[in-house]
Amino acid sequence: MTQLGWFALASTVAAVLAIAIGVLGPALAMGRAIAQALDSLARQPEAENAITRTLFIGLAMIESLAIYTLVIVLIVLFRNPLLSAFSGK
């Protein structure tokens, strides 16, 4: 296998690991946020509107972390700036 092939393989493995780790954190955070919101709703049902609104804003912020990870991984896979060093172009 050529250097370019090894580099492409290493980039792909790194991208898979990055997306796996990058999505694991937000997934755990979302689960914890939802569990805490349900606990809060069980304790104070009259505060449902405020809790729900705050929960959705927080979930959107947490989800943006996973989207940022996906964007960076796609950049590494398809527009890798180091690829030209190995291809000789």
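V23 lies in helix 1, which covers residues 3–43; helices (H or I, at least four residues) are DSSP runs numbered from the N terminus. The model is predicted, with local features requiring pLDDT of at least 70 and side-chain atom pairs counted only at pLDDT 80 or more, while totals for chains, interfaces and linings use all residues. Residues are numbered from 1 along each chain as its sequence is written, and side-chain values use heavy atoms, leaving out hydrogens and water. V23 has a relative accessible area of 37% and is therefore partly exposed, the class between buried (under 20%) and exposed (over 50%), for a 1.4 Å probe and protein chains only. V23 and Y68 are separated by 45 residues in sequence and by 10.0 Å between C-alpha atoms.

The axes of helix 1 and helix 2 (residues 48–78) come within 9 Å and cross at roughly 180°; axes are lines fitted to C-alpha atoms over the stretch in contact, with angles from 0 to 180 degrees between N-to-C directions. Helix 1 is therefore roughly antiparallel to helix 2 (angle over 145 degrees). The residues of this contact comprise 20 nonpolar, five polar and two charged. Nonpolar denotes Ala, Val, Leu, Ile, Met, Phe, Trp, Tyr, Cys and Pro, charged denotes Asp, Glu, Lys and Arg, and polar the others, Gly among them. Buried residues of helix 2 include I51, L55, L59 and I62, and the buried residues of this helix pack against helix 1 (contact: heavy atoms within 4.5 Å).

The C-alpha trace of the protein chain spans about 65 × 20 × 10 Å along its principal axes. Buried residues account for 17% of the 89 residues.

Notes
Helix = DSSP H or I, 4+ residues; strand = E, 2+ residues; numbered from the N terminus. Parallel < 35°, antiparallel > 145°, perpendicular 65-115°, else oblique.
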